[in-house]
Amino acid sequence: MDRRREEATVKLPAAALSDSTASIRPRRGLRVTARLAVIALTVWAVVEIVRIILVVGHYENRIEVATHGNVDVVPFWYAYVLLSEPFPDGFVTGAADRLSILAAVVAAAVVGGWRHYVRRTAQQLGDTVPCPPARTMRAWFVAVLGALVLSLLSWLHRGAIPHGGALHETSLDTRPVAYPLWTAGTVLVVVTAVLGVRIVRRTVETQEGFGPQT
């Protein structure tokens, strides 16, 4: 009889420890997925900034080749010349475009996965885990879509201004038209990424002190 009581006494803490561990793991996952989301958004913004530098530098290089001077944005031109020297013309900007698209898709997927994990964790734990408002997330994804559309317009414009393009040497093939259009897309991407980071961090802050901590 005494031995059975001792066994029951030993089993109770083990069961409690198991429940605590099961609860801690999802909460740790909340922090991990949030970090991944912040990293993905930051990488997207950085890639987009590098891309616009190379795109403007390529345009400046085109003007410099045609006029043998008249470079306005000298730092961007230098950056493009240094990075593109070992490669064929247009290779660096094309690679930057593809990398920017990849970074955008990854960022959207990781943030969406983070939000899904938050919701799933709340269901698993049976608690009200703080979640980003659905309206906020919808607005963020609309901003992502807007950034991609504006970037697509800038890519179409860039594709129409080289030699043989529909806009080559027209009034639309000028710095006052090209640079505002291209820069607007980049600015929207950076703003969208920053807003995404703020949403993730604010949600993480509301989750601090929620349940057992590790």
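This is a predicted model: local features need pLDDT of at least 70, side-chain atom pairs count only at pLDDT 80 or more; totals for chains, interfaces and linings use all residues.
**Notes on a cavity, a helix face and some ring pairs**

1. The residues around the second largest cavity are Trp44, Glu48, Ser100, Ile101, Leu148, Ser151, Trp155 and Val189. Its volume is about 40 Å³, and the structure has 2 cavities of 30 Å³ or more.

2. H4 has the largest share, with 3 residues.

3. Now for H2, residues 74-84: Trp77, Tyr80 and Ser84 are its buried residues. Looking down the axis of H2, these buried residues sit within an arc of 65°, so they line one face of the helix. Pro75 and Leu82, on the other side of H2, are exposed.

4. On to the rings: there are 6 aromatic pairs. In one of them, Trp77 and Tyr78 have ring centres 5.1 Å apart and planes at 40°, so this pair is tilted. Trp77 counts as buried at 17% relative accessibility, while Tyr78 is partly exposed at 47%.

5. Tyr179 and Trp182 also make a tilted pair, with ring centres 5.9 Å apart and planes at 50°. Both belong to helix H5 (residues 175-207), and because they are 3 residues apart there, about one helical turn separates them. Tyr179 is buried at 14% relative accessibility, and Trp182 is buried at 2%. Together with Tyr59, Tyr179 and Trp182 form one aromatic cluster.

Notes: Residues are numbered from 1 along each chain as its sequence is written. Side-chain values use heavy atoms; hydrogens and water are left out. Buried means under 20% relative accessible area, exposed over 50%, partly exposed in between (1.4 Å probe, protein chains only). Helices (H or I, at least four residues) and strands (E, at least two) are DSSP runs, numbered from the N terminus. The arc is that of the directions from the helix axis to the C-beta atoms. On a 1 Å grid over the protein atoms alone, a cavity is a set of points where a 1.4 Å probe fits but cannot get out, and a pocket is an open set with protein on both sides within 12 Å along at least five of seven lines; lining residues have an atom within 4 Å of a point. Grid points are joined across faces, edges and corners, and a volume is the space filled by probe spheres set on the points. Rings of Phe, Tyr and Trp (its six-membered ring) pair if their centres lie within 6.5 Å; planes under 30 degrees apart count as stacked, over 60 as edge-to-face and the rest as tilted.
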